[in-house]
Amino acid sequence: MLFNIFDIQQLFPFKVSTQCSEGWLPFAGRCFWIENNAAPRTWYDGRDACNRAGGTLAIIESQEVQDFLYQFTKERCWFGLHDLDSEGEFYWVDGNTLTSTGYTNWLPGEPNEQETNNNDCVEMQKDGGWNDKNCEDLDFTDGFMCQKAMEPMTEDGLSTGDVIGIIIGTLICLLLLAVLIYLVLIYMRILDGSSASPTRTWSSSGGAASRFENESSTTEKVTVPDNVNLGIGSTST
Ligand SMILES: [Ca+2]
Ligand SMILES: [Ca+2]
Ligand SMILES: [Ca+2]
């Protein structure tokens, strides 16, 4: 292999490691965002907000993740569990089944799907227990929990996109600088050319014969016919 990515990275002025962007909490190898005190949100509102932030509603696959998230929740919060596709079969938003993760924290008597109320989305209540609830129910559930993967970032917290933006911006600046220097050189050359143009002086040598002579090394002579009166040297009356 001609190029080793790690060798190339050594040439790069940024040290990169995986981190969470500002405001996101690192835990269990990913980043979490807990939205509290928001306006009332449906499960879909939370899902869409997490997606817009580049993540999904949170997946709680263990007691550790449950405990971590619970310490930041101040109210009922939606998370990424639902049985929208098949009643009673709960899936995480990443497509895995609830049984595949093997952890649950249902409140006593939950999930208690009500045919008239379609409880197909799951919230964490204030005591940390899970409750299935109508996905569009705005009562009591004002928060949601998101997760997303850690991102490669520099020590200064710059993401890959930021670094690429800086590099592209720098290249554009260098290109503009090169164009500016080129234009300045052309302008200076034009000025030099005009200052080096022949300076013409009048020479009266040769009697009536008259001509312009170039004082510079470049000789340019213009012969003026003898019968042309240039009005130079004549005395006005
Ligand atoms: Ca249902
Ligand atoms: Ca249900
Ligand atoms: Ca319920």
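I will go from the chain as a whole to one strand, and then to the nonpolar core.

This is a predicted model, in which local features need pLDDT of at least 70, side-chain atom pairs count only at pLDDT 80 or more, and totals for chains, interfaces and linings use all residues. Residues are numbered from 1 along each chain as its sequence is written, while chains are lettered from A and ligands numbered from 1 in the order in which they are written.

The protein chain has five helices and 13 strands; these are DSSP runs, numbered from the N terminus, with helices (H or I) of at least four residues and strands (E) of at least two. Of its 237 residues, 19% are buried, a term that requires 20 or more other C-beta atoms within 10 Å of the residue's own, with C-beta atoms placed from the backbone.

Let us turn to strand E7, residues 119-124. Because six of its six residues are buried, E7 is largely enclosed by the rest of the structure. Strand E5 (residues 76-82) runs antiparallel to E7, joined by three bridges; pairing of strands requires at least two DSSP bridges. Strand E8 (residues 130-134) is also antiparallel to E7, through five bridges. Glu123 is the bridge partner of Trp78 and, in E8, of Asn131.

Which residues have the most contacts inside the largest nonpolar core? They are Phe32, Leu57, Ala58, Phe79, Met145 and Cys146, in a core of 28 residues. Such a core is a set of buried Ala, Val, Leu, Ile, Met, Phe, Trp, Tyr and Cys residues joined through C-beta atoms within 7 Å.

Definitions and conventions: A residue is buried if 20 or more other C-beta atoms lie within 10 Å of its own, exposed if 12 or fewer, and partly exposed in between; C-beta atoms are placed from the backbone.
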